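Visitor: I have the sequence and the fold to look at together. Please walk me through some selected places.

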Amino acid sequence: MICVGLPGLAISAEHGQLNGQGLEGFYRAGLRLLSRCQIRVAGREPLAVQARMTGADRARFVGTLRTSPHAGPDPDVVVERTRHADGTERITLHSAAPRPLRLPVEVALGTDLAALGAIASGNAGPEVPASVHDAGLRWTDGKEASLVTADPPAADALASAGLLRWEIELPPGGTATVELRVRSDGAGPVRAVGRAARSPLAQAGASSDDPCVQALLRTSVQDLQALLLRDPAHPADMYPAAGAPWRCGLAPADALASARMALPLGTRLAAGTLRALARGQTTGRGQQSGLIPGPRRDAGGHLPPGCTGTEATLLFPALLAEARRWGMPEPETEELLPAAERCLTWLRSTVGDGVYLCDPQPGGPARCETQAHAHRAALLGADLLDACGRPGGAGLRQWAQTLRSQFRADFWVDDLGGGRPAAALAPGGRPVPHLAATTVHLLDTGLLGGGEWAPGLLDRAQTEQLARLLGSPAMDSGWGLRGLGVKEAGYNPFGHRSGAVRVQETAIAVAGLAAYGYEKEASSLLRGVLAAAGMFGHRLPEMYAGEQRTEGSTPLPHPAACRPAATTAAAGILLLTTVVGIRPDAPAGTVTLRPVRSAPLGEITLNGLRVAGAPFSVRVSRLGLAMVEEAAEGLQLGV
C-alpha cells in the first residue's frame with residue numbers, strides 16, 4: 001500500500017506495522033526516514049482486521065485487542081492508525097470496555113537512512129543508532145538525519161531500543177490519540193506539490209450506470225495530482241513524476257504522454273511540463289540540436305532498447321498543438337513555439353533524405369511506433385506552424401505523405417490471417433513481424449481543427465485488420481491489451497514489454513479504435529480494463545499479467561510495476577473521456593462530440609472538465625446521444 005504525495009511516500013504492508021522489511025517505511029525525496037514503526041498495546045500487537053487507502057496520500061489501518069481475556073472473544077479496544085505520505089502517523093485508541101482502562105502503549109522506531117535504489121537492490125545496510133531528541137528520537141549517519149516527534153510527548157524515550165512509551169488512560173467509551181511526525185532533521189514538514197493552493201488539474205467528477213466510473217476518475221485525478229513535482233528552478237511549473245515507488249522523478253516521454261491524456265482537466269499541466277522540458281532541450285548546431293534528452297527503455301526480446309528522448313521530442317509539438325485546441329492561451333502557445341520548432345527541425349534533419357526515423361544508434365531499427373509518433377508530430381506540427389504564421393508546414397506535410405505511402409508498403413506483413421503491421425524494420429529493410437501492442441500508436445493520429453483526427457499511416461483495409469487483431473483473443477486478455485500476442489515467440493504474461501497488460505497502451509487502443517468506429521473492439525478492451533480497475537481498488541498499476549480472464553479469476557499484479565503511475569492515472573482519464581468523445585477546437589470556438597454510440601458504460605456524465613479555459617460538463621445517454629450541460633460562454637457545438 002503506497003501513500004503518495006511527492007516528495008513524500010509511505011509504503012506499508014496491509015497489517016499496518018512497519019517492520020523494516022522490503023520497501024516499508026516513510027520516505028522523502030527517495031530517502032527512507034523511518035523503516036520501523038511497531039505498536040504494542042498492553043504488551044501485545046493489535047490484531048489487524050482492515051487496511052484501505054482513503055486517498056492517494058493516506059491509508060487507514062484498524063486492529064483490535066482484548067484487554068480482558070476472561071470476558072469472552074469480543075475485542076474491547078480498537079487501534080486505528082492513519083498514515084500520511086507527508087510523514088504523519090496518527091494512532092487512536094477507542095475503548096468499548098465497561099470499565100476505565102490504563103494501557104501501556106509502546107512504539108518501536110528505527111531507520112537505516114537508506115536510499116530507495118539501495119533498498120531495491122538489497123543494499124540497505126543496518127539500522128542507524130538513535131538518540132533522544134526533544135519530544136522524540138533522532139537518527140543520523142553523519143550525512144543524513146531524520147527525526148520523529150510525538151504529541152503528546154512520550155513518558156519514556158529509550159534511545160538504545162528506539163522506543164517511545166505512554167501510559168494511556170481510557171474511560172468507558174473513550175478515545176485517546178498519539179500523533180507521530182517523521183521528517184528530515186532541519187527540514188520543515190513535507191507539503192505535497194499536488195496539494196498546492198492552485199492545482200493544475202481540474203477536480204472533475206463523474207456519474208454513470210457503471211459504478212466503477214466515478215471511483216476510477218476520482219482515483220485517477222488524485223493519483224496524478226499526488227505525483228506532481230515542481231521544476232526546482234521555476235516552482236510555478238509542475239510536471240508529473242513517472243510513478244511510485246520506483247520512478248519518482250521526471251521521465252520526459254511519460255510526463256508528456258500523461259499531460260496529453262490529461263488535457264480534459266485543463267492545459268496548465270501541459271504548459272508546466274512543456275516549459276520544464278523546453279529548458280532542458282539540447283541546443284547548438286550538432287546532430288542532437290532540438291532533441292529532448294531521455295533514457296533508454298527496454299523493448300522486450302525482439303528489439304533493442306528504445307530511446308525515450310526520440311519519443312519525447314516527437315510528443316512535444318503534438319502536445320502543444322493539441323493543448324492549443326483544448327484552450328491553452330495564445331501567449332503560452334507563442335512562448336513554447338520556438339521549442340516545438342526546434343523539435344520539428346530535429347525531426348526533418350535526422351530523417352534527412354530518407355523516409356523513416358530510425359533509432360539513433362548505428363544500425364538502429366525503424367520502429368513502428370516511432371514512425372507513428374513522427375507522422376503525428378509532422379501533421380500536428382504543420383497545423384500549429386500554419387496557425388501561428390510560421391513557415392515549414394508544407395514541407396512537414398509533404399514528408400508525412402511520403403512516409404504514409406512508403407509505410408503502407410514496407411511495414412505491412414502479409415500472412416494467411418490477413419496481414420499485420422511489422423513491429424519494426426531491421427537494418428536492410430527486413431520486417432520484424434511479431435504482433436505487439438506498440439501498434440496501437442498507429443491509431444493515435446492526433447487532433448486537428450474542427451474536431452477531425454489527422455490521417456493515419458495505414459489505409460482503410462489495413463486499419464480494419466489491425467482493429468481485428470487488437471480485438472482478438474491473442475491480444476485482448478479480458479483485462480486489457482497484452483503487450484505481445486500469446487502466439488508470438490517470447491510471449492510471457494509477466495513480460496513488461498512481451499505480454500503484460502500496460503494500461504496506457506490499452507487506453508490508447510480504446511481511444512483509437514473508437515475514433516475509427518470499431519466500437520465492439522474498443523468496448524471489449526474498455527470493459528476489461530475497468531473490471532481490472534475494480535480488482536485493484538481503482539488504483540491501476542502501470543502493468544499487470546496478461547493472463548486470460550476466466551470466470552472467477554482476478555488480474556495478477558506485476559511485482560515491478562509502479563502503482564500509482566502517471567501514465568496509468570492519465571489513461572483512466574483518457575478512457576472515460578473517450579466514451580463521451582470530446583474533440584475541442586478552442587481557437588475556432590467549437591467543440592465536437594463523437595461519443596461511443598453503443599454506450600458501453602450506460603449513461604455517463606462527466607463534469608468539471610476544462611475546455612477553452614472554462615468548466616465543461618457532458619452527458620451521454622444510454623442510447624449513445626451526447627449533450628453538453630456546461631460550457632464556456634460562446635462555445636458552439638461542432639458538426
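Visitor: In which loop is the place of A612?

Guide: This is a predicted model, where local features need pLDDT of at least 70, side-chain atom pairs count only at pLDDT 80 or more, and totals for chains, interfaces and linings use all residues. Residues are numbered from 1 along each chain as its sequence is written, and side-chain values use heavy atoms, with hydrogens and water left out. Strands are DSSP runs of E with at least two residues, helices are runs of H or I with at least four, and both are numbered from the N terminus. A612 sits in the loop between β32 (604-611) and β33 (614-620).

Visitor: Is A612 buried, partly exposed or exposed, and why?

Guide: Buried means under 20% relative accessible area, exposed means over 50%, and partly exposed is in between (1.4 Å probe, protein chains only). A612 has 30% relative accessibility, so A612 counts as partly exposed.

Visitor: What is the phi of A612?

Guide: Most residues other than glycine have a negative phi. A612 is not a glycine, yet its phi is positive, at about 60°.

Visitor: What is the phi of A29?

Guide: A29 lies in the loop between β4 and β5 (31-34). A29 is exposed, because its relative accessible area is 66%. A29 is not a glycine either, but its phi is positive, about 50°.

Visitor: How far apart in space are R28 and A244, C-alpha to C-alpha?

Guide: R28 lies in strand β4 (residues 25-28). With 23% relative accessibility, R28 counts as partly exposed. R28 and A244 are 216 residues apart in sequence; C-alpha to C-alpha, the distance in space is 12 Å.

Visitor: And how far apart in space are G122 and A461?

Guide: G122 is in the loop between α1 (116-120) and β12 (130-133). Its relative accessible area is 60%, so G122 is exposed. G122 and A461 are 339 residues apart in sequence, and their C-alpha atoms are apart in space by 52 Å.

Visitor: Which residues have the most contacts inside the largest nonpolar core?

Guide: A nonpolar core is a set of buried Ala, Val, Leu, Ile, Met, Phe, Trp, Tyr and Cys residues joined through side-chain atoms within 4.5 Å. The largest one has 152 residues. Those with the most contacts inside it are L224, F316, L530, L540, Y544, I582 and F616.

Visitor: How many residues has the other core, the one with I39?

Guide: That core lies apart from the largest one. Among its residues are I39, V128, L164 and I168. Its count is 39 residues.

Visitor: Which residues does L530 touch?

Guide: Contact means heavy atoms within 4.5 Å. Residues up to four places away in sequence are not counted. L530 touches D210, C212, V213, L216, L575 and L601.

Visitor: Which residues does H441 touch?

Guide: H441 is in the loop between β27 (431-432) and α9 (460-470). H441 counts as buried because its relative accessibility is 9%. Leaving out residues up to four places away in sequence, H441 touches E369, A372, H373 and I508.

Visitor: Is α10 roughly parallel or oblique to α12, and why?

Guide: Axes are lines fitted to C-alpha atoms, for helices over the stretch in contact, with angles from 0 to 180 degrees between N-to-C directions. The axes of α10 (residues 503-515) and α12 (residues 566-580) come within 8 Å and cross at roughly 20°. Angles under 35 degrees count as roughly parallel, over 145 as roughly antiparallel, 65 to 115 as roughly perpendicular, and the rest as oblique. Therefore α10 to α12 is roughly parallel.

Visitor: Is α6 roughly parallel or oblique to α8, and why?

Guide: The axes of α6 (residues 330-351) and α8 (residues 393-410) come within 12 Å and cross at roughly 45°. That angle makes α6 to α8 oblique.

Visitor: Which residues of α6 and α8 make the contact?

Guide: From α8 come G395, L396 and W399. From α6 come L344, L347, R348 and V351.

Visitor: What is the omega of the cis peptide bond joining L6 and P7?

Guide: Most peptide bonds are trans. P7 is in the loop between β1 (2-5) and β2 (8-11). The bond joining L6 and P7 is cis, with an omega of about 15°.
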